[in-house]
Amino acid sequence: MTAGRDRFAGIALEHLARAVAADELRVGYREVSARVRDESGALGVRVTAPVALAPLGSPDVVPLVDRLTAAGGHIRARLAELTGLDVARVDLRATGAVITERRVR
């Protein structure tokens, strides 16, 4: 290793990407899969996971496309921040929806 540089194993990057995506999408870590690949010296990340969404008719409803676009940007920024690596792209594939219900008191 050279001074001032860290090296990450591919599996460690995938676990980190899963954790960051699970946090951003508000789902369980085990529900998320991630693949990390080299894209001309930067990271390319593919995430497959369900997405937590507000119930229909709720004032907090955000269109799915907007939710995924924002989540991809946040995941990309967070991975770059945590690793110090250039993250070229994050591709998200939603496999389902987890409806977050508000409890009535």
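This is a predicted model: local features need pLDDT of at least 70, side-chain atom pairs count only at pLDDT 80 or more; totals for chains, interfaces and linings use all residues.

Author: Residues are numbered from 1 along each chain as its sequence is written. Local features need pLDDT of at least 70 and side-chain atom pairs 80 or more, while totals for chains, interfaces and linings use all residues, and side-chain values use heavy atoms, with hydrogens and water left out.

Reader: How are α1 and α2 oriented relative to each other: roughly parallel, roughly antiparallel, roughly perpendicular or oblique?

Author: Helix α1, residues 10-25, packs against α2 with the axes 9 Å apart and at an angle of about 135 degrees, where axes are lines fitted to C-alpha atoms over the stretch in contact and angles run from 0 to 180 degrees between N-to-C directions. Angles under 35 degrees count as roughly parallel, over 145 as roughly antiparallel, 65 to 115 as roughly perpendicular and the rest as oblique. The two helices α1 and α2 are therefore oblique.

Reader: Which residue in β2 stands opposite R35?

Author: Strand β1, residues 33-39, runs antiparallel to β2 and is joined to β2 by seven bridges, and two strands pair if DSSP finds at least two bridges between them. Strands (E, at least two residues) and helices (H or I, at least four) are DSSP runs, numbered from the N terminus. The residue in β2 that stands opposite R35 is R46.

Reader: Which residue in the turn between β1 and β2 has a positive phi?

Author: The strands β1 and β2 form a hairpin with two residues between them. The residue in this turn with a positive phi, of about 55 degrees, is S40.
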